[in-house]
Amino acid sequence: MSSPTGPDNGLPVRMPRPRQPGRHRRPEPAVAPEGAPALVLAVPGAPTAATRGLAEEVVSIARSELPGLDARIGYLDGDDAEYPTLPTVLAHAAEQRTARHQQALAAGHDVPAPQGPVAVVVPLLAGPDNALMRQVRQAVMDSRVAAELTDVLGPHPLLAEALHVRLSEAGLARADRARLFTVATAADGIILATIGGEEAVQAAGITGMLLAARLAVPVMAAALDQDGAIAATAEQLRGSGSTHLALAPHLIGPEVPEGLLDAAAKDAGCAYAEALGAYPAIGKLALSQYMAALGITPPQAQGAPQSR
């Protein structure tokens, strides 16, 4: 038997912790607004089981950052069955939104027709690629669905962090500069490989400056899809004094033709790190693009102290 104030056996009762007042209180976790558009990740490249696993992990990270998020995957080169194409996914999202509205009306709820985009399409690209972005835009147009298309994920400091981690995983960079330990195979010059022409090289170069600051070694960007560009950049770095080079893909993975990275590394005579893949920053950046498109305050900004 227990009393209104707690059990009668003297055991302590865990009471809810009161919210800390003032500027130091913890921010409330963000949740997706009810009826918010779906986040549709536009995945380039040939659809494979590995690509699907990567994309699913990216949207899982996004969902964990924003509970209630409706996140889906659409492939640019899918088949509508095992790998649903972007137009198919957008059309399905539109059908579901219409069905929900009709169900609400049938239940006697006086709700207005949904407004705004059905979905926000986020390209799974670290940097600009005009050819792939044209393909994404065409797929959105083909769907005949009101959808908003965001920019690519980079350049961004989180991509520099991800590149650093991938290099350290390959034994090509120190994991933590602050600990001052050395790696025998650590590179003293980094080639940042990208795809998408000169615009992609320039964008990768911005992230490269951030990576250079983290590693305290020179970093130069070069086009992986331009014949001889990686090898020429390697020679330029060697000419400036670097002797042990590493190739770091400023790429997520699905957009890279098979064998291209390995061939470029051999031409440059250097080792290479893995593509960025489903590093947590990729999911967070995809979500950031989605939230920016909808004007939703990012979780880390909520509860921030007001400047006076």
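Visitor: What does the secondary structure of the protein chain come to?

Guide: Welcome! This is a predicted model, and its protein chain comes to eight helices and 10 strands. Of the 308 residues in the chain, 42% are buried.

Visitor: What makes strand S7 largely enclosed by the rest of the structure?

Guide: Buried means under 20% relative accessible area. Six of the six residues of S7 (residues 189-194) are buried, so the strand is largely enclosed by the rest of the structure. Gly189, Ile191 and Ala193 point one way from S7, while Ile190, Leu192 and Thr194 point the other way, and all are buried.

Visitor: How do you know that S7 pairs with strands S8 and S9?

Guide: Two strands pair if DSSP finds at least two bridges between them. S7 and S9 (residues 245-249) have five bridges in the parallel sense, and five bridges also join S7 to S8 (residues 219-223), again parallel. Both therefore count as pairs under the cut-off of at least two bridges.

Visitor: How do you know that the buried residues of helix H2 line one face?

Guide: The buried residues are Leu86, Val89, Leu90, Ala93, Ala94, Arg97, His101 and Ala104. Seen down the axis of H2, they fall within an arc of 140°, so they line one face of the helix. An α-helix has 3.6 residues a turn, so residues three or four places apart point the same way. On the other side of H2, Glu95, Gln102, Gln103 and Ala106 are exposed.

Visitor: What covers the buried residues of H2?

Guide: The cover includes strands S3 (38-43), S4 (71-75), S5 (119-123) and S6 (147-149), along with helix H3 (130-143).

Visitor: How does the span of H2 compare with the expected one, and what follows the helix?

Guide: H2 (residues 86-106) has 21 residues and reaches 30 Å from its first C-alpha to its last, close to the 30 Å expected at 1.5 Å a residue. Gly108, with a positive phi near 90°, follows H2.

Visitor: Which residues have the most contacts inside the largest nonpolar core?

Guide: That core has 51 residues, and those with the most contacts inside it are Leu41, Leu167, Ile190, Leu211, Ile282 and Tyr290. Helix H8 (residues 280-294) gives the most to this core, with seven residues. Apart from it lies another core of 20 residues, among them Leu90, Ala94, Ala119 and Val136.

Terms used: Residues are numbered from 1 along each chain as its sequence is written. This is a predicted model: local features need pLDDT of at least 70, side-chain atom pairs count only at pLDDT 80 or more; totals for chains, interfaces and linings use all residues. Side-chain values use heavy atoms; hydrogens and water are left out. Helices (H or I, at least four residues) and strands (E, at least two) are DSSP runs, numbered from the N terminus. The expected span of a helix is 1.5 Å times one less than its number of residues. Buried means under 20% relative accessible area, exposed over 50%, partly exposed in between (1.4 Å probe, protein chains only). The arc is that of the directions from the helix axis to the C-beta atoms. Contact means heavy atoms within 4.5 Å. A nonpolar core is a set of buried Ala, Val, Leu, Ile, Met, Phe, Trp, Tyr and Cys residues joined through side-chain atoms within 4.5 Å.
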